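Dear colleague,

I am handing over the structure below, and I would be grateful if you could look at it alongside these notes.

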Amino acid sequence: MASHGLVYDGCNFFRQRLVLSTLSGKRVKIKNVRSREEDPGLRDFEASFIRLLDKVTNGSRIEINQTGTVLFYQPGLLYGGSVEHDCSTQRSIGYYLEALLMLAPFMKTSLKATLRGVTNDSTDPTVDLLKTTALPLMKKFGIDGEGIDLKVVKRGMAPGGGGEVVFTCPVRRTIRPVQLTDPGKIKRIRGVAYSVRVSPQMANRIVDSARAVLNQFLPDIYIYTDHMKGANSGKSPGFGLTLVAETLNGSFFSAEMSSTPQGQGDPVLPEDLGRNCAKLLLEEVHRGGCVDSSNQSLALLLMTLGQQDVSKVLLGPLSPYTIEFLRHIRDFFQIMFKIEVQKPLEDERKGGDKVLMTCVGVGYSNLNKTLK
């Protein structure tokens with residue numbers, strides 16, 4: 001245990017462990033990765049993620065046994081710079097971007113990452129969702145300026161991929177403490193309906209069905225249509241919708257849906273997709289909090305690595321992924337959050353218990369000194 005740092009069993013929460021290991025400088029050993037399955041060991045997308053970590057760090061030591069069931073990772077220096085990476089088409093670019101969003105502010109030089117693969121699928125957060133919710137959240141913690149941007153160059157649907165995105169992020173030595181305790185009321189809804197290698201009319205049908213649901217609640221709704229053609233449309237046909245609701249106090253709630261990949265499952269009608277996505281957005285608003293469920297772990301990490309000051313964030317019901325993330329933060333940083341459950345008032349028709357998360361940041365610059 002001492003020689004291998006932290007030891008974990010199984011492949012669950014694989015990214016969390018490697019990202020927090022990289023930020024904390026603690027070695028980690030992951031064993032019994034799908035050891036009881038017919039096809040044991042790491043999958044292609046996990047191996048691709050390890051290669052990406054190797055590209056953005058300098059001096060990392062990675063050892064994998066012959067069957068791929070045991071991984072030892074000793075993190076190096078987070079370097080950054082200009083990186084190009086071909087992501088595995090088994091998972092979308094969002095799978096890799098979520099990790100880069102956590103790592104990018106703490107690198108030695110500004111990051112410019114060009115990622116190629118699947119930009120939109122139904123498993124991971126899409127590039128559109130991360131651009132409209134994660135980047136504004138990072139700006140609240142002081143990671144701002146013109147340097148931070150996420151640009152979709154080519155759009156690629158599953159299973160073929162063929163998409164390309166460029167993510168740039170400046171370096172921030174200190175993270176600003178935040179007090180996000182009042183989400184405020186919803187003031188507007190924005191969205192993007194995208195279609196590739198299908199009729200452009202598909203996106204218009206999605207917009208009409210989504211507006212039919214949302215117009216009952218709010219007049220300020222604008223959903224863009226994005227139809228890419230030719231070389232920018234990737235290798236597979238598909239369509240989908242990303243919706244974001246913004247509050248008066250600058251909080252964002254998001255929902256998204258995309259069509260089933262070509263040759264997999266039952267086909268989806270654009271009208272059904274638009275209607276169901278609008279209902280998912282209403283459900284996310286119903287959950288409440290100042291950060292939507294897809295970005296809870298990013299907010300908690302920035303609170304942990306912020307200045308040695310008190311940060312408070314009000315969240316909706318915690319997702320299972322976030323609960324495990326809190327356990328990992330305790331393992332890697334010895335930081336524990338003060339968690340206060342706020343019961344909704346009887347006359348309030350709001351979804352579930354809210355959770356007020358409070359912690360004192362460890363300070364990433366101080367953490368570096370202790371590592372040295």
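A residue is called buried when its relative accessible area is under 20%, exposed when it is over 50%, and partly exposed in between, using a 1.4 Å probe and protein chains only. Ser 21 has a relative accessibility of 0% and therefore counts as buried.

Please keep in mind that this is a predicted model, in which local features need pLDDT of at least 70 and side-chain atom pairs count only at pLDDT 80 or more, while totals for chains, interfaces and linings use all residues. Residues are numbered from 1 along each chain as its sequence is written, and side-chain values use heavy atoms, with hydrogens and water left out.

Ser 21 belongs to helix H1, residues 14-24, where helices (H or I, at least four residues) and strands (E, at least two) are DSSP runs numbered from the N terminus. Leaving aside residues up to four places away in sequence, Ser 21 touches Lys 26, Arg 27, Val 28, Tyr 73, Pro 75 and Phe 332, a contact being heavy atoms within 4.5 Å. The side chain of Ser 21 also reaches the backbone oxygen of Lys 26 at 2.5 Å. Between Ser 21 and Ile 329 there are 308 residues in sequence, yet the C-alpha atoms are 9.9 Å apart in space.

Turning to the rings, the structure holds 9 aromatic pairs; rings of Phe, Tyr and Trp (its six-membered ring) pair if their centres lie within 6.5 Å, and planes under 30 degrees apart count as stacked, over 60 as edge-to-face and the rest as tilted. One of them joins Phe 13 and Tyr 321, a tilted pair at 6.1 Å centre to centre with 50° between the planes. This pair links distant parts of the chain, since Phe 13 is in the loop between strand S1 (6-9) and H1, whereas Tyr 321 is in helix H8 (residues 320-333), 308 residues apart. Phe 13 counts as partly exposed because its relative accessibility is 26%, and Tyr 321, at 30%, counts as partly exposed.

Phe 49 and Tyr 96 form a tilted pair, with 6.5 Å between the centres and 40° between the planes. Phe 49 lies in helix H2 (residues 44-56) and Tyr 96 in helix H3 (residues 93-103), so the pair ties together parts that are 47 residues apart in sequence.

Technical notes: A polar contact is a pair of N or O atoms within 3.5 Å; within protein, one must be able to donate a hydrogen and the other to accept it, and residues adjacent in sequence count only if both atoms are side-chain atoms.
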